[in-house]
Each structure stands twice: as structure tokens, then as C-alpha cells.
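This briefing concerns helix packing and salt bridges in one structure. Please consult the sequence and the coordinates alongside the points below.

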Number of protein chains: 4
Amino acid sequence: MGIKVTDKIKLAVKGSSDSGQIIKVGNTTIGGSQLLIIAGPCSVESREQLVNTAVAVKKAGANALRGGAFKPRTLPYSFQGLGEEGLKILAEARELTGLPVITEVMSPQDVELVEGYADVLQIGARNMQNYPLLKRVGRADKPILLKRGMSATIEEWLGSAEYIMLEGNNEIILCERGLRSFDPVTRNLLDVTAVPIIKQVSSLPVVIDPSHGTGVKSLVAPMSNAGVAAGADGILVEVHTNPELALSDGAQSLDPDEFSSLIEGLKPIAEAVGKYV
Amino acid sequence: MGIKVTDKIKLAVKGSSDSGQIIKVGNTTIGGSQLLIIAGPCSVESREQLVNTAVAVKKAGANALRGGAFKPRTLPYSFQGLGEEGLKILAEARELTGLPVITEVMSPQDVELVEGYADVLQIGARNMQNYPLLKRVGRADKPILLKRGMSATIEEWLGSAEYIMLEGNNEIILCERGLRSFDPVTRNLLDVTAVPIIKQVSSLPVVIDPSHGTGVKSLVAPMSNAGVAAGADGILVEVHTNPELALSDGAQSLDPDEFSSLIEGLKPIAEAVGKYV
Amino acid sequence: MGIKVTDKIKLAVKGSSDSGQIIKVGNTTIGGSQLLIIAGPCSVESREQLVNTAVAVKKAGANALRGGAFKPRTLPYSFQGLGEEGLKILAEARELTGLPVITEVMSPQDVELVEGYADVLQIGARNMQNYPLLKRVGRADKPILLKRGMSATIEEWLGSAEYIMLEGNNEIILCERGLRSFDPVTRNLLDVTAVPIIKQVSSLPVVIDPSHGTGVKSLVAPMSNAGVAAGADGILVEVHTNPELALSDGAQSLDPDEFSSLIEGLKPIAEAVGKYV
Amino acid sequence: MGIKVTDKIKLAVKGSSDSGQIIKVGNTTIGGSQLLIIAGPCSVESREQLVNTAVAVKKAGANALRGGAFKPRTLPYSFQGLGEEGLKILAEARELTGLPVITEVMSPQDVELVEGYADVLQIGARNMQNYPLLKRVGRADKPILLKRGMSATIEEWLGSAEYIMLEGNNEIILCERGLRSFDPVTRNLLDVTAVPIIKQVSSLPVVIDPSHGTGVKSLVAPMSNAGVAAGADGILVEVHTNPELALSDGAQSLDPDEFSSLIEGLKPIAEAVGKYV
């Protein structure tokens with residue numbers, strides 16, 4: 001009647017008396033009553049773009065900043081991110097706004113570098129089963145945001161968390177970002193059900209990413225609502241000061257006003273499930 | 001930035017000035033502020049089972065009764081439903097409780113019979129592209145609950161609604177019931193995103209079925225919350241007075257107490273999006 | 001190590017001593033050493049189109065003729081087939097060429113009509129779980145070509161065959177026609193592995209449909225080869241005298257010359273697995 | 001009517017005058033008339049196991065040896081491979097048999113090590129979009145066997161090849177190994193159609209892996225036939241001297257006698273398409 005996962009997963013699965021784990025994210029936390037609202041552009045494109053966005057999302061209610069400096073792109077000719085320069089811009093935005101920074105790391109060799117700037121290290125969907133990378137971030141001092149692979153089962157996802165935890169890092173935030181599916185009307189198929197499944201089998205906090213999860217601007221707010229109503233501990237939303245000019249993912253990025261509306265709509269939902277923004 | 005569907009679909013897609021359509025369901029409605037809460041067993045098994053369930057779900061807050069008299073089962077050896085006897089029991093339960101009755105019809109020849117007893121005719125997922133059946137119910141006098149096929153695109157689903165509407169029946173309630181997917185942890189993958197997509201492209205009301213959509217009892221309440229938070233006009237939930245003894249779908253059926261808790265949890269979510277139970 | 005299907009399926013699954021079943025199809029057979037090469041247009045569009053195609057495919061090596069008179073189309077505005085007029089044209093083509101005729105039936109009410117003209121009744125993918133239709137063709141006097149649903153498991157497909165067999169009709173030809181999948185490069189994902197699975201668990205003959213299975217003309221010949229190499233008892237190929245003018249499925253239809261080349265390429269493959277065209 | 005891929009892919013897509021590329025693999029080649037038959041255990045478990053298997057598969061007709069020394073496993077508690085010790089055993093087996101060695105590399109840091117022992121570097125399905133790894137093997141001196149990700153589109157797969165080629169390594173063997181799908185009857189869904197698609201859009205050779213692609217021993221031979229009939233340049237088959245005792249993938253491994261039968265059955269198919277074993 002309940003959810004069953006293999007008993008070979010030991011660390012990422014909760015015991016009968018475990019409650020939800022609270023993880024420190026810079027000057028805030030995830031896993032308690034306050035939602036973690038992570039917002040920012042897909043890619044860090046310039047100092048001005050990022051700082052303006054950071055200020056705007058903070059004002060609208062975000063309590064964490066996202067932005068990619070190392071970008072996994074399907075083709076080598078697409079914008080690959082600013083690298084360390086992007087990390088420096090992220091750190092500067094943190095200084096200005098106080099928002100903790102979440103950014104992706106793609107290679108074991110880069111973990112030390114990224115750790116020097118970020119508050120949370122993101123493992124992207126394409127690297128969910130990159131085991132050398134998982135082992136390396138398992139020895140990092142920062143929490144990990146572990147995105148679900150685009151066709152990973154819940155067990156495989158928890159198996160990847162297990163790799164990180166076995167190396168000693170228990171601070172993992174799981175992120176559902178949409179599954180590969182057949183209907184071209186959306187970019188991915190957001191598996192909202194993953195949220196209550198994770199809450200029932202694991203103590204780890206879980207967030208949803210309705211931006212990648214749908215790929216469609218007009219669906220980001222309703223799916224944020226759905227995720228929080230289902231029990232998510234936070235959301236990860238792409239916001240760009242000028243979505244039409246974004247170097248990546250413009251079609252799914254909100255502008256700051258749209259993001260602000262999303263937050264207003266989310267507040268009563270959060271309250272309805274005993275949480276707050 | 002928004003959802004695009006082919007402009008060949010004319011009736012099932014809303015015009016720029018259309019608002020949501022309100023459909024009469026027995027003595028209640030769907031599509032306005034009040035949610036349609038449809039509850040009942042997967043199959044009508046006996047007079048006692050159905051009447052007891054009907055009384056219990058009404059008390060807990062349901063305003064419509066579901067129950068299958070004609071059952072599409074994967075194997076011919078499985079319980080195939082009570083047929084007309086089941087329809088009579090459903091009608092009797094309506095007399096007793098006032099709840100309008102929703103039940104499946106599987107064949108054009110049976111439409112007249114089922115119409116004589118039911119308030120809403122359900123087209124099941126397996127018959128979403130059974131075009132002779134769609135055309136026949138398009139000439140029925142009752143609203144149609146049209147379930148999405150287990151791997152149907154949004155366009156195909158609306159195309160099926162178009163078949164019904166072209167015959168003259170505009171009263172269609174769309175029902176998302178989960179897609180076929182790869183993770184055995186759930187029976188189907190509930191596509192909650194279908195809800196805001198439908199609301200954005202169509203005037204038709206839409207409900208979700210978290211029971212078939214997950215196949216797991218403990219996920220029914222959180223996914224009901226998610227569906228309503230995303231904008232659904234109602235939910236379709238399997239409730240059985242004794243799930244362990246159910247002739248079909250026991251693992252996903254709630255008992256009346258669990259259903260009552262679901263409703264209590266759903267109320268604040270409904271309120272948060274301007275609706276009520 | 002081998003394939004397992006539920007032991008609830010009794011008729012459609014072979015016993016340990018069963019060999020492949022041979023089914024009479026008009027003046028030819030399927031299930032023995034000779035492949036059944038079924039060719040013809042997606043839809044019967046006119047007497048001229050069908051007769052010309054029938055003559056051409058026979059010359060190229062086909063031993064059965066396909067053509068739809070009742071067409072299941074996603075939208076009600078698409079060409080729905082010529083109905084009984086199409087059936088008459090098919091019968092006339094049979095008179096002229098001797099090729100047995102395979103055509104789809106979509107409704108229990110039409111079975112008697114279609115049976116009067118066709119040599120094999122086709123159940124389309126969208127109707128694989130239309131149980132009243134399956135029961136009705138189970139009482140027909142003609143063999144059934146049962147297409148696999150677009151996201152049906154092997155067990156569900158055999159379950160549908162079981163419905164037909166339980167009514168007394170044991171002459172079922174299974175047809176794999178491609179599954180719904182995520183890559184837009186093809187229309188469907190042809191599951192060639194279904195062929196050896198069926199041969200290992202069932203006595204029923206199985207054919208593949210590389211036209212619907214790929215939706216791409218240039219893939220039809222190599223996938224015919226693949227299917228036969230994997231053990232298929234035949235192929236179902238769309239051929240049109242003028243694919244650019246086809247009322248349906250032009251992009252995947254071969255012209256008679258291309259079909260003739262396909263047959264030439266298929267012959268040595270057939271021989272390699274102990275069969276012949 | 002033909003296959004279309006984005007024109008942003010430049011190196012991995014063939015020009016109108018390009019023919020198939022022939023790649024040297026140790027003392028043999030792939031891409032010409034001779035099939036590359038790669039056989040061996042999933043994991044290198046011991047010197048004895050590997051050497052015995054190598055001798056047996058060579059005798060049966062293999063012309064390349066596979067075996068994993070670094071194993072990507074879903075859980076950290078599963079056998080992770082012998083590492084460098086495994087590489088040494090592979091090299092020793094090559095000395096004894098002359099068979100070139102294909103083995104997986106999972107991390108940029110390990111490329112130099114693995115390159116010292118292997119003739120072909122394998123990128124596994126889970127790492128198909130591990131771009132730092134792709135870039136690193138793009139600077140290696142050995143050919144790359146690039147497995148398709150378990151839900152990668154053809155374009156994404158070619159995009160990954162593009163990353164490798166852009167770094168200067170043009171010697172890429174593509175390997176279709178099965179897609180994630182919904183039917184538990186097989187482990188994956190082998191996409192045989194990927195073979196003719198690749199042959200039509202790219203000059204790169206392509207092989208299929210019917211062992212991972214089905215996960216079922218009895219399906220390995222028929223699906224090898226299907227792949228070669230569809231135009232594959234080779235196969236990758238798991239063979240173990242004692243499948244029941246295998247530390248990984250026993251259910252899909254052939255023993256040497258079964259592999260020998262597979263090769264005998266494959267020979268006439270190869271001949272039918274103008275190739276040989």
C-alpha cells in the first residue's frame with residue numbers, strides 16, 4: 001500500500017523514526033517550514049545581468065540564487081558558460097544580496113574550484129550517474145543539489161544519493177526536473193509524484209524545477225503550486241531580466257515581475273500545507 | 001512562450017474571450033468555484049458495498065459517486081463487472097444519497113442502456129481513440145468524462161473531445177489518469193502538468209484521478225492536493241469500504257476514513273486557489 | 001533466462017510441445033516457411049488507385065493486399081475512409097489479382113459487413129483493448145490481425161489475443177507496429193524484440209509493420225530486413241502508386257519500384273533464416 | 001521522406017559524397033565488410049575467468065574482446081570492478097589471443113591509464129553526456145565506442161560524438177544498447193531502427209549490444225541477427241564461462257557454446273547483406 005524501495009539503499013532511505021532533515025544553505029535552511037525559493041538565470045551571462053536578476057529575485061521573495069557557470073550543452077557550439085569568471089560574478093551577487101549561491105559542477109577536477117565560490121554544488125541531470133563525480137562531491141564540505149536523471153527511477157536516484165552519503169556528505173537536496181517523454185507540448189514531463197514518494201521514503205529535502213520540468217513559461221507558476229502542495233521543500237525557477245535575450249532557456253524563463261506574481265500565488269498554497277515563503 | 005496546439009482543433013480549444021465552461025452534473029456542477037469530488041469503488045461489487053460506500057463518501061464531502069458496472073480488464077478471466085445489475089445499484093445509491101452517478105460505457109450498443117441510469121458517461125483510457133464510441137456518446141444527452149489515453153498527447157486527447165463535440169455534445173469533462181512510464185514504483189505517471197495546459201488551451205473542465213494515476217494509496221492525498229493546486233476542477237478517487245477485499249484496484253483504494261482525511265487536507269488548498277470543496 | 005509471462009494467459013501462450021501455428025489467409029498461409037508479404041495503401045482512395053497498386057505489389061512479390069476502408073484518425077476532419085465503397089473496391093482488387101484482402105474493422109456493428117468482403121480482419125492499435133470489439137471478432141469466421149497498442153506490454157497484447165481466442169477464434173496474426181517514444185526522428189519506435197519474444201512464448205504468427213513503425217520511407221526496407229531476421233512471419237508495408245498524393249501516411253509509403261527493391265533485398269535475409277518470399 | 005537532423009551537427013553527420021568510415025581496431029577493422037564481433041564478460045572478475053572466456057570467444061568467431069574494469073553500478077555496494085588490475089588482465093588476454101580490447105573509462109583522470117591498456121575506450125550509456133569526459137577522450141589516441149544514453153535522441157547522441165570529434169578524435173564507433181521503456185519483460189528496449197538511421201546520416205560505424213539491449217539470454221541471438229540485417233557493423237555480446245556465477249549481468253550472458261551457435265546463425269545473415277563474420 002506504501003512505497004517500496006530496495007533495502008540495499010541504507011543511507012538515503014529513512015528509518016521508521018526519522019523525520020525530515022534540515023540542511024543549512026548559506027544563511028538560510030531547507031527542510032523546515034520555510035520554503036527554499038531558488039531563482040536566477042539558466043546561465044551567468046554577465047555581471048550586470050546576474051546582479052540585476054539577483055536583486056530582483058531577492059525583492060520578490062527568493063532566498064537563494066541559481067546561475068550556471070559550467071553549462072552541459074547538447075552541442076559543443078552552444079554557449080558553454082563563463083567558467084570561473086561566472087563563479088566570481090555569482091560570489092559578488094551573494095555579497096550584494098546575501099543570497100546563497102547554487103551552481104553546477106560537471107567534473108571531479110572542478111569541485112575544489114566551485115566549492116570555493118558556491119554555497120551548494122549542483123549535480124545536473126546528465127551527471128546523475130557520473131559516479132566519480134558523485135564520489136568526489138561526497139567529500140566536499142558543501143550541500144549537494146542532486147538533480148534526477150531524465151529517465152532515472154526513484155531507486156536509481158536514491159542510489160546516486162547513496163554514493164554521495166557513503167563518502168560522508170549527508171547534506172543532499174534532491175531535485176525533480178522533469179522526465180523525458182513523448183508529448184512535444186512540453187520540454188519534459190515533470191514528475192510531481194516524485195515529491196511525496198521522496199518524502200515517504202527518505203529524510204532528504206526535495207525541490208522541484210518547473211522551468212526545466214515544463215520548458216514553458218506559462219506553466220511555471222501552476223507547477224510550482226502543484227509541487228509545494230504535494231510537499232516539496234522548495235522550488236528552483238529560472239528568472240532572467242530579459243528572457244528574449246537569454247543565451248539559454250529563454251522560452252522557460254520568467255521576468256522578475258512574473259516571478260513576483262508566482263511568489264504571491266505560492267504563498268497561500270504554502271500556508272495551506274503548513275509552510276511559508 | 002505559451003502552449004500551442006494545432007489550429008485544426010476548433011471546438012475543444014477556447015477562443016481568446018472564452019472563460020471556463022460550467023457543466024451540470026446531476027444536482028451539482030463542475031467548472032465553477034466548487035470542486036467536483038467524485039468518489040467510489042473501482043467496481044460495483046454488491047448493493048451493500050456500493051450503498052455503504054456512497055453514504056460514507058457523501059458524509060466525507062464527495063458530491064459525486066463513481067463505480068464501474070462494465071469493466072475493461074486486461075484478461076478475460078478477471079471480474080468484468082455486474083453489467084446492468086451494477087447500473088441499477090448505482091441508481092439506487094443516487095436515490096439514497098442524492099449523489100450524481102458517473103460510470104463507464106465501453107461499447108456504442110451500451111450507450112442507451114448506460115444513459116438510462118448514469119448522470120455522466122465515462123470513456124475509459126483504453127477507449128480514448130475508439131471513434132465509433134466517441135461519435136455515439138456525442139449524440140448522448142449526458143455529459144461525458146473523457147479519460148486521457150495512457151500514452152496520448154494533449155492534442156490527441158483534445159482531438160477525441162473534438163469528435164464528441166462535433167456530434168453536438170459540448171459537455172465534456174477531461175480526466176488525467178496517469179501515463180504509462182518506466183518506473184515500477186508507481187502504476188502510472190500522473191501528468192499533473194496536463195491540468196494547467198488544458199486550462200490554458202480549452203474551456204473544458206479537467207479533473208485528475210490520483211488513484212489510477214499512482215496506484216499507491218499513500219500517494220492519493222498528496223497528488224489530489226497537487227492537482228487542485230495546479231488548477232483542476234475536481235478529483236476522481238477510488239474509495240472502498242474494505243480495500244483488502246476489493247475485486248479490483250484494492251492497492252490504490254482508500255477506506256472512508258482515509259478519504260475523509262484527504263478531504264480535510266484538500267480544503268485549504270482549494271481555498272488557496274479560490275475554490276472550495 | 002527466458003521470457004516469462006503470467007500463467008493466467010492460457011490460450012495465447014504455447015505449451016512446451018507446441019510448434020508455430022499455420023493460418024490460412026485466402027489462397028496462401030502464414031506461419032510456415034513462406035513469408036506473408038502484405039502490401040497496399042494506407043487508405044483505399046479510389047478504384048483506380050487501389051487496383052493499380054494491387055497489380056503492382058503482386059508483381060513485386062506481395063501475396064496479400066492491405067487497404068483501409070474505415071480509418072481511425074486523430075481528428076474528425078481528416079479523411080475517414082470510403083466505408084463500404086472501399087470494401088467493394090478491395091474485393092474487386094482481390095478478384096483481379098487473387099491477393100487476399102486485409103482491412104480494419106473499428107466497431108462491433110461493422111464486423112458482419114467487413115467480414116463479407118475481407119479475408120483477414122484487422123484490429124488497429126487504438127482498439128487493441130476495445131474488449132467488446134475483440135469479443136465480437138472472436139466470433140467471426142475470418143482470421144484476425146491484431147496490432148499491438150502503442151504502449152501495450154507484451155502481456156497486455158497477449159491478453160487481448162486471449163479475449164479473441166476465448167470466444168472461439170484461434171486464428172490470430174499478431175502485428176508489431178511501433179511504440180510511442182520520445183525521439184521525433186521517427187513516428188514510432190519499432191520494437192523488433194517483440195518478434196522473438198512472441199515466437200518464444202506463443203504459437204501465433206507475428207508480422208511487423210515498418211511503415212507505421214518508423215514513419216520514414218528510407219527506413220522501411222532495412223527494418224523489414226531486421227524483422228524477418230529476428231523471426232517475423234511476414235511484413236505489412238504501405239505502398240502507394242503516388243505517395244505524394246496519398247490522403248494519409250504519404251511520408252512513409254513506398255512507390256511500387258521502391259517496394260520491388262525492398263522485396264529483392266529481403267529474399268536473401270529470408271533464405272538465411274530458412275524462409276522464402 | 002528521409003531522416004533529418006539539425007544542421008548544427010557538422011562533423012558527425014556525413015556529406016553527400018561520404019561513404020562509411022573504416023576504423024582500425026587493434027589488428028582488425030570496423031566499417032568495412034567484416035563485422036566486428038566484440039564478446040566477453042560484463043566485468044573482468046579474475047585472470048582465469050577472462051582468459052578462458054577470451055580463448056573461447058576467439059575460437060567461436062569473435063574478433064574483439066570486451067570486459068569491464070571500471071564498472072558504473074547503480075549502488076555503491078555492488079561490485080565496482082577490479083580497476084587497474086582488471087586492465088592488466090585484459091592486456092594479458094590480448095597477448096594470448098591477439099584480440100583487441102575494448103573497455104570502459106568513467107572519468108577524465110582515468111583516460112591516460114585506460115589508454116595504456118585498451119585498444120578502444122568505451123563511454124558508457126550513463127556518461128554519454130558527461131562532456132568533460134567526452135572532451136578528454138577526444139584528445140586520446142584510441143578509437144572511442146560511444147554508447148547511446150538510455151533515453152538519448154539520435155541528435156543528442158550525434159551531439160556527443162561531435163564533442164569528441166571537435167577535439168580531434170574522428171574514430172568513433174556508435175553503440176545502440178537499448179532504451180528505457182515500460183515493459184518489464186525486457187531490461188531495455190533495443191532500438192534497432194537506430195542502426196539504419198545512423199548509416200543514413202553519418203559515416204561512423206555502428207554496433208548493437210543485444211545483451212544490455214534485452215537483458216534476456218534467449219533474445220541475444222535473434223536480436224544480433226536483426227541488428228546485422230538492419231545494417232550494423234558489428235555486435236557487442238556478453239559471454240561468460242559460467243553465467244550463473246557472474247558478478248554482474250548473469251541473466252543476459254551467453255556461455256561459450258551459446259555464443260558459438262549465435263555466430264553460426266549470424267553468418268548467413270551477414271552474407272545476405274554483403275558482409276561476413
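The model is predicted. Over all chains, the count comes to 56 salt bridges, and several of them are described here.

**Packing of α8(A) and α8(B)**

- Helix α8 of chain A, residues 217-229, packs against helix α8 of chain B, residues 217-229, at an angle of about 160°. The axes of these two helices are 7 Å apart.
- Angles over 145 degrees count as roughly antiparallel, and α8(A) and α8(B) are therefore roughly antiparallel to each other.
- The crossing in which α8(A) passes α8(B) is right-handed.
- On the α8(A) side, the contact is made by P222(A), N225(A), A226(A) and A229(A). On the α8(B) side, it is made by P222(B), N225(B), A226(B) and A229(B).
- Of the residues in the contact of α8(A) with α8(B), six are nonpolar, two are polar and none is charged.

- In chain C, D233(C) forms a salt bridge with K275(C), and the closest N and O atoms are 3.8 Å apart.
- This pair links distant parts of the chain, 42 residues apart. D233(C) is in the loop between α8 (217-229) and β10 (234-238) of chain C, while K275(C) is in the segment after α9 (256-272) of chain C.
- D233(C) counts as buried because its relative accessibility is 2%, under the 20% limit. K275(C) is also buried, with a relative accessible area of 15%.
- In chain D, D233(D) forms a salt bridge with K199(D), with the closest N and O atoms 2.6 Å apart.
- D233(D) lies in the loop between α8 (217-229) and β10 (234-238) of chain D, and K199(D) lies in helix α6 (residues 194-201) of chain D, so the pair ties together parts that are 34 residues apart in sequence.
- D233(D) counts as buried at 2% relative accessibility, whereas K199(D) is partly exposed, with a relative accessible area of 25%.

- K267(D) forms a salt bridge with E264(D), the closest N and O atoms lying 3.2 Å apart.
- K267(D) and E264(D) are separated by about one helical turn, because they are three residues apart in helix α9 (residues 256-272) of chain D.
- K267(D) is partly exposed at 35% relative accessible area, and E264(D) is partly exposed at 44%.

**A salt-bridge network involving chains A and B**

- A network of salt bridges links R148(A), E176(A) and D191(A) of chain A with D183(B) of chain B.

Note on methods:
Residues numbered from 1 in each chain as written. Chains lettered and ligands numbered in written order. Predicted model: local features only at pLDDT ≥ 70, side-chain atom pairs only at ≥ 80, totals over all residues. Heavy atoms only, no water. Axes fitted to C-alpha atoms, helices over the stretch in contact; angles between N-to-C directions. Helix = DSSP H or I, 4+ residues; strand = E, 2+ residues; numbered from the N terminus. Parallel < 35°, antiparallel > 145°, perpendicular 65-115°, else oblique. Left-handed = near helix turned anticlockwise from the far one by under 90°. Contact = heavy atoms within 4.5 Å. Nonpolar A, V, L, I, M, F, W, Y, C, P; charged D, E, K, R; others polar. Salt bridge = Lys/Arg side-chain N within 4 Å of Asp/Glu carboxyl O. Buried < 20%, exposed > 50% of the residue type's maximum accessible area, 1.4 Å probe, protein only.
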